[in-house]
Amino acid sequence: MENSKFLSSSMEKVNFRTKILSRHLNQENPTSNNSILQSFPCLSYNPPEFSEPSSVFDIKEMRKLMDGHNLQERDWLFGLMLQSNLFNPKIRGGKVFVQPDYNQSKEQQREITMRRIGYLMQNGVFERWLTGKGPEDELRKLALLDVVGIFDHSLAIKIGVHFFLWGGAIKFFGTQRHHDKWLRDTENYVVKGCFAMTELGHGSNVRGIETVTTYDSSTREFVINTPCESAQKYWIGGAANHATHTVVFSQLHIDGKNQGVHAFIAQIRDENGNICPNIRIADCGHKIGLNGVDNGRIWFDNVRVPRENLLNSVADVSPNGKYLTAIKDPDQRFAAFMAPLTSGRVTIAVSATYSAKIGLATALRYSLTRRAFSVTPNGPEVLILDYPSHQRRLLPLLAKTYAMSFASNYLKKIYVKRTPEMNKVIHVISSAFKATASWHNMRTLQECREACGGQGLKTENRVGQLKGEFDVQSTFEGDNNVLMQQVSKALLGEYVTAKRSKKPFKGLGLEHMNNSRPVVPSQLKSSAMRQSQFQNDIFCLRERDLLERFAAEVSLCQSQGKSKEYAFTLNYQLAEDLGRAFSDRAVLHTFLEAEATVTSGPLKDILGLVRSMYVLVTLEEDVAFLRYGYLSTDNAAVVRKEVANLCSELRPHALSLVSSFGIPDAFLGPIAFNWVEVNVWSSEQN
């Protein structure tokens, strides 16, 4: 009986589908009294590759510029993930797509994340991630992390916490004894590490954390304590389920004196996964995204660790309890502790950019095949990307994403070649780019979600889901607003130093301050606005003027008896404007550097268009250009018209520009391809 029902149901579906296909092929419609309906055939999907103009530039060469390095390793890892059922391959519309199953519970997502890590480890993905030496090994590691993040942000964060935070702390805060004991086991996942810095009561203000560690000279052990509830370690990735060890950031008290924040290694689980004595762990619970990461909370109750577990590259404690450091100034010592942590901001800036690429590739491909309305009576429906309004929504974001790519590549380059003398520069640039890229990503994903209409709500199409997965980037590894204030403070320090010493500005790209003040033409024309000289001038003018204004306002407050810190607080709006000005100018310089590597031809031409779009849409959107008079109202109107012109010029290149991202089809949403076939009745029965 059941079999006959099943066969009957199957035959009904086959007959239904056959009728639909027959009508479609014969351009017939169901019988209807409505003549308007009868004049339109069924919609069909036509790949944009068949209808869009051929690329005028070399897509492979553009991808080399965009990815920057290790293209073969990237493609190898894409292929490795496609080979395993662990990455949840599904056929949709005749194509294979891979993406996490977000219908799973957080417990299931956490478990599959660990299984994926095991698969990657067994296939050699993590080789030399901690034991390698030199920029080449670091660039390979960063490239493979890029690919992992394109598949799943949770997987990338889980790996990043283990290798970049726990492993990075061992490598950079520790000395040879720590390297010998921990790095190889970390690389092979014998040890599973986490990073206990953030507390319930303190996040960005690391100097204010409340966990306390004292030294017991009789046993030569450190004793770690959580003295109050606000001192519990919070949002610690890996702590809730899997981590066996953690780096604990704590105030170090020696002989009743607080020596400031230091880092210690503590075991939190044994080899069987049991929580160690005197340690309590709780789950942070379900989140709006990143549920593949087991964020936890940790309390320490007189947890004893050997003296050797102090990560002692900056300071040490002798066996008899004497505090030893070559850096006597507490501020400089704290800065030395924080310097190696820039890796988190570097990887966030890069992953935010790739997330924006996924959103744009999906939304733009959809807009090249989806039609709506007609502009003439009884005329055909129009591709939605052929509407100027739709171009205006997406193409400026595409140009900004190109700019963020070049900025991210530059950031990675200076990071892997860092020296102690570069710490300050990397801190400032990584802070600026992390904030700028993560803000840009969230705005891009929202616009792409809306541009895809209802399809943007479907998890399988990725765009909407990515909003929840990447939202956290605006606040972790430093709240974006706080980071921008740090950028402005650093710029002010450079300004004050240069003025007091009467020496030229040097570093952070501030050399333009040594030149005469740029002048913006009273009447802007298209040809001038597209010149790199004008674009550089107006960005430098904004940064220069805001820095001078900020310095003057802080100086005025101090002359009235206010502290420098309070003066910063009062002038936060100028500080925010200055931080953005610095970041935009620095991003432009990375774009120009990348562009300079291309000698001539179509690739050079299209990069010029994209750069001009990036600059001019920034002029249009940032009210600071009008507020402080860098643009007149007339010139602002001219800029707006030029942005519209650039949209129409970039429109024919939209497909080629997103194809240059180098993201395999399987890692985009199905809506980017045959969205009709994806949604046929028969697909719902699989």
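Modeller: Happy to. Domain 1 and domain 2 bury about 530 Å² between them, buried area being the accessible area (1.4 Å probe) that two parts lose on being put together, summed over both. Of that area, 66% is on carbon and sulfur atoms. On the side of domain 1, S204, I288 and L290 lose the most area to domain 2, and together they make up 71% of what that side buries.

Please keep in mind that this is a predicted model: local features need pLDDT of at least 70 and side-chain atom pairs count only at pLDDT 80 or more, while totals for chains, interfaces and linings use all residues. Residues are numbered from 1 along each chain as its sequence is written, and side-chain values use heavy atoms, with hydrogens and water left out.

The domain assignment of the protein chain gives residues 193–322 as domain 1, and 341–506 + 513–667 as domain 2; such bounds come from an automatic or database domain assignment. Six residues from domain 1 and eight residues from domain 2 take part in the contact, where contact means heavy atoms within 4.5 Å. Between the C-alpha centres of domain 1 and domain 2 there are 38 Å.

One residue pair is in polar contact across the interface of domain 1 and domain 2, both at pLDDT 80 or more. For a polar contact, a pair of N or O atoms lies within 3.5 Å; within protein, one must be able to donate a hydrogen and the other to accept it, and residues adjacent in sequence count only if both atoms are side-chain atoms. The side of domain 1 that touches domain 2 has four nonpolar, two polar and no charged residues. Here Ala, Val, Leu, Ile, Met, Phe, Trp, Tyr, Cys and Pro count as nonpolar, Asp, Glu, Lys and Arg as charged, and the others, Gly among them, as polar.

Next, a strand with an asparagine worth a visit. N225 sits in strand β5 (residues 221–225); strands (E, at least two residues) and helices (H or I, at least four) are DSSP runs, numbered from the N terminus. The side chains of N225 and N302 are joined by a polar contact of 2.6 Å. Leaving aside neighbours within four places in sequence, N225 also touches T211, V212, F300 and D301, among others. The C-alpha atoms of N225 and V212 are 5.4 Å apart, although 13 residues separate them along the chain.

UniProt, in an unreviewed entry, annotates T198 and G237 as "binding site"; its positions are given in the numbering used here, feature names are shortened, and annotations may be inferred rather than shown by experiment. The two are spread over 40 residues of sequence, yet they cluster in space, with a largest C-alpha distance of 10.5 Å. T198 belongs to the loop between β3 (193–196) and β4 (212–216).
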